[in-house]
Amino acid sequence: MKRARPPKRPAHVLVAALLAPMLAACSTETKDDTAKPPAKPPAETPARTPAETSSEPAPEPLSAKELKALVLTTAQTPSGFEVYRTVARKARPLEGQEVVRPKKCAVLRNPELKASVEASTARAILERPTEGLDRHTIVVAGWSSEADARTRMAALREALGGCGSIQYENTYAPGTREARLQPENAPELGDEALRYTENGPTSYQGLTVVRVRDVIVYVKADTLFGFGTPLSAAKRKELTPGFEEKLVRAQVDKVQRTLDQGSTTTS
């Protein structure tokens with residue numbers, strides 16, 4: 001008995017069957033040839049520094065010479081004051097030493113002098129010819145950045161909130177002295193301002209501190225009562241100077257105006 005032959009496959013089916021392995025091989029070879037090497041991991045890319053990512057370089061802090069041009073002259077000083085000495089210096093260590101307790105309150109003791117350790121400063125002494133005890137000091141300090149200046153103001157404000165009194169001793173006079181610290185109403189000047197007084201048995205200081213951008217202005221009234229017999233309350237009040245609002249405003253306005261003009265050449 002003859003076995004039946006399987007039916008013949010159409011010609012196009014046979015061609016497709018023969019070409020399938022060849023097409024698959026070509027497809028695989030093409031994919032391998034065009035494959036790209038793996039990208040480098042992000043960790044191998046060096047990080048950019050803030051200076052590289054910033055489109056503009058950070059401004060240079062004001063020089064001692066530029067700061068000196070910001071200080072009031074006698075002709076610009078109201079209320080009969082005379083400016084008899086103005087000096088400008090780069091940052092430098094303090095001469096002499098002073099110990100303040102509590103330590104956290106030390107920033108409030110002569111802050112204009114402590115500023116000169118970290119920043120270039122210009123300093124002027126002002127007096128009224130008719131009132132020898134009524135002496136004022138103006139210090140203009142140029143910090144390295146506005147953020148730096150804000151940090152200094154914040155340190156003063158924080159200390160003032162927690163320091164009612166201090167004890168201090170220094171190389172200028174023997175013994176330990178005490179003083180009371182009192183916050184006062186600050187004028188609405190500059191970008192931020194604070195004011196306080198320091199009252200001791202032999203001296204008084206009234207400080208106004210105003211920040212304008214990266215510059216801090218310190219205006220201090222400094223009166224010595226002497227080391228002899230303690231003064232009566234009435235005499236002490238008579239000799240204690242008030243805050244010279246016109247003087248403070250004139251100094252801050254000059255700094256503000258000059259910085260707005262972008263120049264410190266104005267006298």
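Just after helix α7, G262 adopts a positive phi of about 75°. The model is predicted. Helix α7 itself runs over residues 245-261. Its 17 residues, at 1.5 Å a residue, should span 24 Å.

One set of α7 residues is buried: L247, V248, Q251, V252, K254, V255, T258 and L259. These residues cover an arc of only 150° around the axis, and therefore lie on the same side of α7. An α-helix has 3.6 residues a turn, so residues three or four places apart point the same way. The buried set includes the polar residues Q251 and T258 as well as K254.

The structure holds 1 disulfide. The bond joins C105 to C163, with an S to S distance of 2.0 Å. The torsion about the S-S bond is -90°, and the link of C105 and C163 is left-handed. C105 sits in the loop between β2 (98-101) and α4 (111-118). C163 sits in the loop between α5 (146-162) and β5 (165-170). The pair therefore ties together parts that are 58 residues apart in sequence. Both cysteines are buried. C105 has a relative accessibility of 1%, and C163 has a relative accessible area of 4%. Each value is under the 20% cut-off, so each residue counts as buried.

Aromatic rings were examined next. A search of the whole structure finds 0 aromatic pairs. Arginines do, however, lie over ring faces. R109 lies over the face of Y168, at 3.8 Å from the ring centre. R195 lies over the face of F243, at 4.1 Å from the ring centre.

Y168, the ring under R109, is also one of the residues that S203 touches. S203 is placed in strand β8, which covers residues 203-212. With 11% relative accessibility, S203 falls under the 20% cut-off and so counts as buried. Leaving out residues up to four places away in sequence, S203 touches Y168, E198, T223, L224, F225 and R236.

How values were computed:
Residues numbered from 1 in each chain as written. Predicted model: local features only at pLDDT ≥ 70, side-chain atom pairs only at ≥ 80, totals over all residues. Heavy atoms only, no water. Helix = DSSP H or I, 4+ residues; strand = E, 2+ residues; numbered from the N terminus. Buried < 20%, exposed > 50% of the residue type's maximum accessible area, 1.4 Å probe, protein only. Contact = heavy atoms within 4.5 Å. Disulfide = S-S within 2.5 Å. Expected span 1.5 Å × (residues − 1). Arc of directions from axis to C-beta. Phe/Tyr/Trp six-rings, centres within 6.5 Å; stacked < 30°, edge-to-face > 60°. Lys NZ or Arg CZ within 6 Å of the ring centre and 35° of its normal.
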